[in-house]
Amino acid sequence: MHVPLWVWLATVAGIIALFVFDFFSHVRKPHEPSFKEAAAWSCAYIALALVFGAGLWLVWGAQRGAEYFAGFITEKSLSV
């Protein structure tokens, strides 16, 4: 499968943007997060991963999308 350079650059830029956002919204204000806050951020990041998977499904087809979601569910279940 050939992935265009702009897709790799967009992916790297998105990951860097998430790190910067996470740093400026969490690390600079040290506090003990509540269960509600932790659950909200977890849901937000899971929703972001699901949107990414849906985009992958639409752009590269059902097989690639299903492979992504299978890997995502496997990794999420292992992290719990």
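Modeller: Phe 52, Trp 57, Tyr 68, Phe 69 and Phe 72 form one aromatic cluster. The model is predicted, so local features need pLDDT of at least 70 and side-chain atom pairs count only at pLDDT 80 or more, while totals for chains, interfaces and linings use all residues. Residues are numbered from 1 along each chain as its sequence is written, and side-chain values use heavy atoms, with hydrogens and water left out.

A pair of aromatic rings is described by the distance of the centres and the angle of the planes. Rings of Phe, Tyr and Trp (for Trp, its six-membered ring) pair if their centres lie within 6.5 Å; planes under 30 degrees apart count as stacked, over 60 as edge-to-face and the rest as tilted. Searching the whole structure gives seven aromatic pairs. One of them is Trp 57 with Phe 69, a tilted pair with 6.3 Å centre to centre and 45° between the planes. This pair links distant parts of the chain, 12 residues apart: Trp 57 is in helix 2 (residues 35-60) and Phe 69 in helix 3 (residues 62-79). Helices here are DSSP runs (H or I, at least four residues), numbered from the N terminus. Phe 69 also pairs with Tyr 68, edge-to-face, at 5.3 Å centre to centre and 70° between the planes.

Buried means under 20% relative accessible area, exposed over 50%, and partly exposed in between (1.4 Å probe, protein chains only). Trp 57 has a relative accessible area of 38% and is therefore partly exposed; Tyr 68, at 21%, is also partly exposed. In helix 2, Ala 49, Gly 53 and Leu 56 are buried, and helix 3 is included in what covers the buried residues of that helix.

Among the residues involved are Phe 52, Gly 53 and Trp 57 on helix 2, and Gly 65, Tyr 68, Phe 69 and Phe 72 on helix 3. Their axes come within 6 Å and cross at roughly 160°. Axes are lines fitted to C-alpha atoms, for helices over the stretch in contact, and angles run from 0 to 180 degrees between N-to-C directions. Because angles over 145 degrees count as roughly antiparallel, helix 2 and helix 3 are roughly antiparallel to each other. Between them, helix 2 is followed by Gly 61, whose phi is positive, near 100°.

Conventions
Helices (H or I, at least four residues) and strands (E, at least two) are DSSP runs, numbered from the N terminus. Contact means heavy atoms within 4.5 Å. Angles under 35 degrees count as roughly parallel, over 145 as roughly antiparallel, 65 to 115 as roughly perpendicular and the rest as oblique.
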